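Subject: Structure for you to look at

Hello,

I am passing on the structure we spoke about. Please open it first; my notes follow below.

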Amino acid sequence: MSNNSIQQADFMFIGMGAANCLLVLKMHEHGLLSKKKLAIVELNSNTISSRNFCFWCTQEELLKLKLENLVSSKWEQIKVGTRNYQTINPLSYYHIRGNDLHNKVVEILKEQDVSYYNELYTSKPLVKSNSFVINLTDTTIEARKVFDSRPPSYNLVESNQSHLLQSFYGWEISAHNHTFDTSAMVMMDFDIPQNNYCQFMYILPFTKNSALFEVTRFGKEKITKQEAEILLKDYLAQFGFSYQILEPSRPL
């Protein structure tokens, strides 16, 4: 495109994480994308693929959301720390792979009039009459509606205040000579070093031989990949089985 080219769109999506992907699915379901021109601004459209999304809901709520075909695993029992397994009926804990959500949205967008802009946009959309405008390196996009799913920016806090950030990082592993109980997931196992934060482990068994081990932190700083991997290695060592890392999840 030439410099300062102006592109028009009905709907513009800034970032294609879980929020905007789910929004696209719902808009498609209600026919809101038909005969509309879309603009998607995303530096790396594959970012969502390596993430895992989990949520609680009933079977009826899942069907209402129309996400049942994307669910890869579910658990109807939980184990909190060292406590015994307990049922969470009528709820289940559902897991959706980011790759499956991403692929579903890609298939839907193939049927639409979409322009992709592979660029990191760090500013805020400008208001112009009845539209919104963003200026990219070589292009200006004007859109009637903008859906911005980028993480918010936070104001600096006072000395007696703090923001508690939730961050997590995990490994999907294949275990050798070990069998997981796929009927239940383990949540909030605090039996790990806290390191002046609030930290705990999740175990999501996908199959009898594979599971996601994930460390979660609540604190003023996000957990780093290096910090998380030390905790994961030490935590897994207590089980006494060898394993292979299949897929690391992205830190958030």
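Which strands does helix α1 lie across? Helix α1, residues 18–29, lies across β1 (5–14) and β11. Its direction is at about 90° to that of β1. Please keep in mind that this is a predicted model.

The sheet

Strands β1 and β11 belong to an open sheet of 6 strands with mixed pairing, in the order β8-β2-β1-β11-β10-β9. At the edges are β8 (113–117) and β9 (126–128), each of which pairs on one side only. On average, neighbouring strands in this sheet are turned by 45° against each other, direction ignored.

In general, strands of a sheet pair through backbone hydrogen bonds, either parallel or antiparallel.

The helix pair

Helix α1 also packs against helix α3 (residues 98–109), at an angle of about 45° and with the axes 10 Å apart. The two helices, α1 and α3, are therefore oblique to each other. Their crossing is left-handed. On the α1 side, the contact is made by Ala18, Cys21, Leu22, Val24, Leu25 and His28. Helix α3 contributes Leu101, Lys104, Val105, Ile108 and Leu109. Of the residues in this contact, 9 are nonpolar, 1 is polar and 1 is charged.

Regards

Definitions and conventions. Residues numbered from 1 in each chain as written. Predicted model: local features only at pLDDT ≥ 70, side-chain atom pairs only at ≥ 80, totals over all residues. Heavy atoms only, no water. Pairing = 2+ DSSP bridges. Helix = DSSP H or I, 4+ residues; strand = E, 2+ residues; numbered from the N terminus. Axes fitted to C-alpha atoms, helices over the stretch in contact; angles between N-to-C directions. Contact = heavy atoms within 4.5 Å. Parallel < 35°, antiparallel > 145°, perpendicular 65-115°, else oblique. Left-handed = near helix turned anticlockwise from the far one by under 90°. Nonpolar A, V, L, I, M, F, W, Y, C, P; charged D, E, K, R; others polar.
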